[in-house]
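Keep the picture beside you as you read.

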Amino acid sequence: MNWSEEQKKVIETRGCNLLVSAAAGSGKTAVLVERIIGLITDPTDPVSLDELLVMTFTRAAAEEMRERVGRALSERIEKDPENSWLKLQRAILPRARIATIDSVCQNLIRQYYQELEIDPGFRAAEESELKLLRMDILKKMMEELHEEADEEFLNLVDSFSGNGMDERISVLIEKLSSFADSCEWPDRFLLEQEEICQKEEDGELSGLSWYESVLSSIIESAREYLPLLLRAEEVCEEPGGPDPYLEGVRESISYARAIMGCSAYEELWSTVQQMRFPALKRTNKNKHDPEMTAYVKTVRDSFKSFVTEKLQGKFLLLKPEDLKLSAAGAARVNRELIRLTRIGRES
Ligand SMILES: Nc1ncnc2c1ncn2[C@@H]1O[C@H](COP(=O)(O)OP(=O)(O)OP(=O)(O)O)[C@@H](O)[C@H]1O
Ligand SMILES: [Mg+2]
C-alpha cells in the first residue's frame with residue numbers, strides 16, 4: 001500500500017493520544033490496522049495482540065477489524081514464513097480484545113461487579129425498555145409534583161395550559177436529559193443552566209447567549225449597511241446624481257453609526273426609538289439620472305425597512321423593562337424544567 005504522508009504520520013506516531021478524523025472510505029480503518037501490525041512487529045518493543053484493546057461502535061466494525069488484522073498478519077507470514085511470533089499472533093487473534101464499546105463495558109462490570117456493588121445477575125436494558133422505564137419514572141414524578149403543588153411547578157404547568165400538558169412537560173424533560181447526556185458532565189451542565197436561568201430571572205441579560213447574539217446581529221447588520229449608504233451618498237454627489245436625497249441618506253448614515261456605537265439593549269432601544277424617516281425630497285427626471293436615483297432610493301429604503309420593520313417592529317419592540325419581564329418569565333419556567341430534569345435523573 002502506498003500510504004499518504006498523513007496516513008504515514010498516523011501509523012508511525014507513538015507515545016501520545018491521537019484523534020483521527022477523515023472522510024468516509026478514506027482509509028481510517030486501514031490506517032488503524034496498520035498501526036496494530038506496526039505495534040506487533042515493532043523491532044525493539046513488540047506488543048502482543050492480547051495486550052491490545054481495540055474498541056468499535058458496532059459489532060460489524062469489530063468483526064471487520066478482526067478480519068482485516070487477520071488478513072494483514074497472513075500477508076506478513078507469507079512473506080516471512082519462518083516468523084513464529086507472527087504465527088503466534090495469528091493464532092491468538094480469535095481471543096484478541098477487538099470488540100464494541102458496549103461489550104467491553106459489560107465485561108468490565110461483570111468482572112468487577114463486587115467492587116461496583118452491582119447485582120451479578122445484571123443485564124443491559126434494551127432502548128425500548130429504557131424508554132418505558134423513563135416514562136414510568138416521569139409519570140410518577142409528575143403525580144407527586146401535582147400533589148405537592150409547589151409554586152414553581154404550578155407556574156410551569158400554567159405556562160403549558162391545555163390538554164396533555166404532563167406529557168408535553170415529560171417530553172421536554174426527556175429531551176433536556178438526553179441533551180445533557182451528550183455533554184461531558186451532564187449534571188454539572190444542568191446545574192449551570194439553572195444558574196443562568198436564575199440570573200435571567202433576576203434581570204441580568206448581559207452574557208446570555210440569545211441576548212448577546214441578538215445584539216451583535218443587529219449591530220453587525222448596521223455595519224453591513226454602512227458602506228452601501230456611504231456609496232449612495234457618493235452617488236448623490238456625482239454629476240446627474242439625485243442630490244435632493246443627500247439629506248435623507250446622510251441621516252441614515254448617522255443612524256447606522258449610532259446603532260454601531262451601542263452596546264446594550266437599553267441603549268439600542270432608546271436610540272432606535274427616536275429614528276424617523278421623513279419622505280425623501282423630490283427629484284427631477286430631467287436633472288437627475290433615473291438609474292442613479294433608483295439606486296440611492298433602494299439603498300435608503302432597504303435601510304429604512306431594516307430599522308422600522310426589523311428593529312422598531314420586531315427585535316427592539318419591547319421596552320427594556322418589558323423585555324426583562326418577559327425574559328424573566330420564560331427563565332422561571334425553564335429553570336423549573338431544568339430542576340425537574342435533574343430530579344428525574346436522580347430517581
Ligand atoms: N493510501 C491508500 N492507497 C490505496 N488504497 C487505500 C489507501 N488508504 C486506504 N485505502 C483503501 O481504501 C478503502 C477504504 O479504506 P477504509 O475501509 O480503511 O476506510 P474508512 O475510512 O475506514 O472507511 P469508513 O468510513 O467506511 O469506515 C480500502 O479498500 C483501503 O484499502
Ligand atoms: Mg472504517
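The shell of residues around ligand 1 divides into five nonpolar, seven polar and one charged. This is a predicted model, so please read every value below as computed from it. Which residues come nearest to ligand 1? Of the 13 residues around the ligand, those are Ala-24, Gly-27, Lys-28, Thr-29 and Ala-30. Helix α2, which covers residues 28-40, gives the most to this shell, with three residues.

Now step back to the whole chain. Its domain assignment gives domain 1, residues 5-114, and domain 2, residues 209-316. How far apart are the C-alpha centres of domain 1 and domain 2? They lie 63 Å apart.

Next come the helices. Two packed helices are described by the angle between their axes and the distance between the axes.

| Helix pair | Axis distance | Angle |
|---|---|---|
| α11 (residues 209-237) and α12 | 8 Å | about 155° |
| α12 (residues 246-260) and α14 (residues 290-315) | within 10 Å | roughly 40° |
| α9 (residues 165-181) and α15 (residues 320-346) | within 9 Å | roughly 75° |

Let's start with α11 and α12, whose axes pack at an angle of about 155°. Angles over 145 degrees count as roughly antiparallel, and α11 and α12 are therefore roughly antiparallel to each other. Their crossing is left-handed. Among the residues that make this contact are Ile-218, Ala-222, Leu-226 and Leu-229 of α11, along with Val-249, Ile-253, Ala-256 and Met-260 of α12. By class, the contact of α11 with α12 has 15 nonpolar, one polar and three charged residues.

Helix α12 also meets α14, and here the axes cross at roughly 40°. That angle makes α12 oblique to α14. α12 passes α14 in a left-handed crossing. On the α12 side you can look for Gly-248, Val-249, Ser-252, Tyr-255 and Ala-256, which meet Val-296, Arg-300, Phe-303 and Val-307 in α14. The residues of this contact divide into six nonpolar, two polar and one charged.

The remaining pair in the table is α9 and α15. Are they parallel or perpendicular to each other? With their axes crossing at roughly 75°, α9 and α15 are therefore roughly perpendicular to each other. Leu-172, Ile-173, Leu-176 and Ser-177 of α9 make the contact with Leu-337, Ile-338, Leu-340, Thr-341, Gly-344 and Arg-345 of α15. The contact of α9 with α15 holds six nonpolar, three polar and one charged residues.

Methods
Residues numbered from 1 in each chain as written. Chains lettered and ligands numbered in written order. Predicted model: local features only at pLDDT ≥ 70, side-chain atom pairs only at ≥ 80, totals over all residues. Domains from an automatic or database assignment. Near = placed C-beta within 6 Å. Helix = DSSP H or I, 4+ residues; strand = E, 2+ residues; numbered from the N terminus. Nonpolar A, V, L, I, M, F, W, Y, C, P; charged D, E, K, R; others polar. Axes fitted to C-alpha atoms, helices over the stretch in contact; angles between N-to-C directions. Parallel < 35°, antiparallel > 145°, perpendicular 65-115°, else oblique. Left-handed = near helix turned anticlockwise from the far one by under 90°. Contact = placed C-beta atoms within 7 Å.
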